[in-house]
Amino acid sequence: MKIQKQLKDQIVEICNSFNNDPCNLINVLHQVQGKIGYLPVEVQQVIAECLHIPASKVYGVVTFYAFFTMTPKGKYAVSVCLGTACYVRGAEKVLEEFERQLGIKSGETDATGTFSLNTLRCVGACGLAPVAMVGDKVYGRLTPADVKAIVEEYRAMEK
């Protein structure tokens, strides 16, 4: 991926807003990912240059934290919690139904770029287990039977 000048300028502007301080690496990464949706290696290199740190350090942070992604996510990012409370209450079956309804496996994005599916370890809503999120919206006390309606809700928004 070759970075266009306009995108590079946006990344530089975000870095500048944090005074190009390497201590703000995570904040910079959050803002850049919020702006473009993901953090490919070429973007990480621009951030490293701006913050005057090795690209390997940026890469290490991006790959360490599950929030960051190096691949584009779908318009609707679906995350199924597989933390202990959710897992023991059937989250694995909920995940399987999302995979079936979306036609993709965890870690994938559908061909249209509409949905991506991932798992995470805890959203802090254990009392609502099992839990899934679509973007920032939390769906709790899910059963596999609930999944179809959730997917249809978002597909309807695309029409």
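Tyr65 sits in the loop that runs between helix H4 (55-64) and strand S1 (76-81), where helices (H or I, at least four residues) and strands (E, at least two) are DSSP runs numbered from the N terminus. This is a predicted model, in which local features need pLDDT of at least 70 and side-chain atom pairs count only at pLDDT 80 or more, while totals for chains, interfaces and linings use all residues. Residues are numbered from 1 along each chain as its sequence is written, and side-chain values use heavy atoms, with hydrogens and water left out.

With a relative accessibility of 38%, Tyr65 counts as partly exposed; on this scale buried means under 20% relative accessible area, exposed means over 50%, and partly exposed lies in between (1.4 Å probe, protein chains only). The structure holds 5 aromatic pairs. In the pair of Tyr65 and Phe68, the ring centres are 6.4 Å apart and the planes stand at 85 degrees, so the arrangement is edge-to-face. Rings of Phe, Tyr and Trp (its six-membered ring) are paired if their centres lie within 6.5 Å, and planes under 30 degrees apart count as stacked, over 60 as edge-to-face and the rest as tilted. Phe68 is buried, at 7% relative accessible area, and one aromatic cluster is formed by Phe64, Tyr65, Phe67 and Phe68.

## A nonpolar surface patch

Tyr65 also belongs to a nonpolar patch on the surface, which it forms with Ile26 and Phe64, and the three together have about 320 Å² of accessible area. Such patches are made of residues with over 30% relative accessible area and no salt bridge, like charges being joined within 9 Å and nonpolar side chains (Val, Leu, Ile, Met, Phe, Trp, Tyr) within 5 Å. Accessible areas come from the Shrake-Rupley method with a 1.4 Å probe, and for residues only the protein chains shown count as cover.

## Salt bridges

The structure holds 7 salt bridges, a salt bridge being a side-chain nitrogen of Lys or Arg within 4 Å of a carboxyl oxygen of Asp or Glu. One of them joins Asp9 and Lys5 at 2.9 Å, N to O; both residues lie in helix H1 (residues 5-17), 4 residues apart, which is about one turn of the helix. Asp9 is partly exposed at 38%, whereas Lys5 is exposed at 62%.

In helix H6 (residues 91-102), Arg100 and Glu97 are 3 residues apart, or about one helical turn, and their closest N and O atoms are 2.9 Å apart in a salt bridge. Arg100 is exposed, with a relative accessible area of 58%, but Glu97 is buried, with 14%. Another salt bridge links Lys137 and Glu153, with the closest N and O atoms 3.4 Å apart. Lys137 lies in strand S5 (residues 137-139) and Glu153 in helix H7 (residues 144-157), so this pair ties together parts that are 16 residues apart in sequence.

## The chain as a whole

The chain has 7 helices and 5 strands, which follow one another along the sequence as α-α-α-α-β-α-α-β-β-β-β-α. It is divided into domain 1 (5-64) and domain 2 (76-158), with bounds from an automatic or database domain assignment, and the C-alpha centres of domain 1 and domain 2 lie 29 Å apart. The C-alpha trace of the chain spans about 50 × 35 × 20 Å along its principal axes, and 41% of the 159 residues count as buried.
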